[in-house]
Amino acid sequence: MKHALLASIAVALAASAASAAPLTPAQTLNRRTIGELEFSADGSRLAFTVTEPVKGAARQRNIWLLDVAAGRLRQLTFSAKSDSSPRWAPDGRALAFLSTRDSTHDAAQLFLLPMRGGEAEKLVDRADGISAFRWSPDGAQIAVLMAEAKSPAQQQREKDKDDSRVEEKDDRLSRVWILDVSTHALRRLTSAHYRIGQIEWLPGGDRLIAEASARPEADAFDEGLYAIDAHDGHFTPIAAPHGPMGGFTVSPDGRTVAYVGARLDGPEAHDIWLQPVGGGTAVNVSVKSLDRPVSQLHWVDGQTIAATVQRGFASAIALVTTDTHARLLDGLDVNPSAFARSSTHVLAYVGETAVRAPELWIKKGDAAASPITTFNQIWNTIPVVTPELLTYKSSDGTSIEAALLRPAGASRQPAPLVVLVHGGPTGRWSDTFEPWGQLLAARGYAVLYPNVRGSTGYGHGFVEMNRADWGGGDFKDVMAGVDVMIARGVADPNRLGIGGWSYGGYMAAWAVTQTTRFKAAVSGAPVIDMASEFGTERGSAYDEWFYGTPYEKPEGFVRSSPITHVKNAKTPTLLLQGEDDTTDPIGQSQQFYRGLKRYGVETDLVLYPREPHGLREEKHLLDRLDRVVAWYDKHLQPGTSATEPRR
């Protein structure tokens, strides 16, 4: 008994010591994500995916099942790779899904899993992956979206390394195919020159609705809504919205398409629009009652649409009626992301906050919502810092909302401060876990997350405030936040840092060319030369909304580019860049690195092979976090024992 008691005490002390240890980069990656929620037609079962923490260069994803009435959970698939996009057959007897389990090139194929038991059956086996699929209303067919197969001649050329290609002209566009579920026969439905992003069946089963572009080679916001005849593949235009689209859904009676569309011409899909399938003018039903960015539209009935909505740092689910009224659902407790609503009025959603890891939540009727999974239970014992929300006035009186992480366990003495700027600029900081700041707060830093002008979640007018003004009012918003932190005794004015990724990387680079107040900067995947970025990136229509084109209006591109002012930089700056980034290509970081070196500024450029705009591989993610902490420690907390990352 004595030995057992001593052992218990030892375990308790070990657990206490472990909980008191600072957060580590490896811990920040140890989080499961939940998504792709799909109720069966009768509402009795919910299928969803759980993605495991990254290992190596991949994340394993499997499909789980919830018995709604009993509250029982069980894992449905056990692939070592990725199972995704679960979709119930209309009669609920089977579940179709995409999987890379049999692919050597991670090309997703279509599988069917019978609910009576047995192994999943492969329905489509192609060298190219499937991007999307939808069951027909009668369950006899599945519409599949995938690229045209390579010809034998193309395959031979690639094998012989005779693989030159003409940009855009040799791109293989996705086509709609129709799969007969019983025979597995596959026929190509469309061959027209369209870039198709989403497909949905109309209730009658004779047509599909598609979001598509008739000019796939154009780098412009020109997606439209089309009806596709399910017999001959003919496209009939329904609507040509202005600006980008963000997904659509068909009403239960098939007469109306609700889509997320832009206000005027951009820069992002923001509001709920209703478009009659028979043609006519679309109506914006959320502009007056909501005026916040929405996503994930679900028809509740013929008059009501549910959607997730951004509200500052918080998220919510809104119910918007076709006559333009809106209300927010109460009692969700945490910030919802992915969600689904059953035919029996049960709401399932993934909920989290900055200090509560993602779990699946269920809300039945007017009852309080409750978490039903414990996939991230380990985070109940890992210390994280709770953000404090605050507002302050910028130089022109604009109200800015921000979150502050105070140093963990520290006194209220001024501390080194790092300002982190989000991506976008049409992005935001939200009440969710963010690893850079939490790692820094655990090591004695104060961290400020300002939602500067241009951020989403504060109305479309706020988004428009930094049009053609990057590095202007937004930068003043950042500096006003720094001054407030110093005035309140939070920040040591001699130990200030700045950092961010994408637009946040731009702002860090801009800051070091405008002021010497920052003693350390970390700039990830930044925009440095706005004109060369425009000519080499994918998606220049977004930048065009802000500045026009550098061919016609070069002045703004030059004025707002950090490279224009690089000779003023003095701040030690760490540059981090994925080599395969097509959003903010590698040349952006290379230009700034060369400029900083010319003027004797301390700088490192770290390149991550194979990585796109967002890093994916485990070792790269860990390396980035190690370097971020080490860079700030070196320049803001000299004498600390931070481990220098390997070179």
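**Values against definitions**

Tutor: In helix α7, the buried residues are Tyr503, Gly504, Gly505, Tyr506, Met507, Ala508, Ala509, Trp510, Ala511, Val512 and Thr513, where buried means under 20% relative accessible area, exposed over 50%, and partly exposed in between, with a 1.4 Å probe and protein chains only. Keep in mind that this is a predicted model, in which local features need pLDDT of at least 70 and side-chain atom pairs count only at pLDDT 80 or more, whereas totals for chains, interfaces and linings use all residues. Residues are numbered from 1 along each chain as its sequence is written, and side-chain values use heavy atoms, with hydrogens and water left out.

Student: What makes α7 mostly covered?

Tutor: Eleven of its twelve residues are buried.

Student: Why is leucine 496 called buried?

Tutor: Leucine 496 has a relative accessible area of 1%, and therefore counts as buried. This residue lies in strand β33 (residues 491-501), and beyond its neighbours within four places in sequence it is in contact (heavy atoms within 4.5 Å) with residues including Leu417, Val482, Phe518 and Leu636.

Student: Why does arginine 610 count as exposed?

Tutor: Because its relative accessibility is 53%, arginine 610 counts as exposed. Arginine 610 is found in the loop between β36 (603-608) and α12 (618-636), and its phi is near 70 degrees, a positive value in a residue other than glycine.

Student: What makes the peptide bond from glycine 424 to proline 425 cis?

Tutor: Its omega is near 10 degrees, and proline 425 lies in the loop between β31 (415-421) and α4 (435-441). Most peptide bonds are trans.

Student: How do you know that the protein chain is as compact as a globular protein of its length?

Tutor: The chain has twelve helices and 36 strands. Its radius of gyration is 26 Å, close to the 26 Å that the globule rule gives for 647 residues, so the chain is as compact as a globular protein of that length; the radius is taken over C-alpha atoms, and the rule is 2.2 Å times the number of residues to the power 0.38.

Notes: Helices (H or I, at least four residues) and strands (E, at least two) are DSSP runs, numbered from the N terminus.
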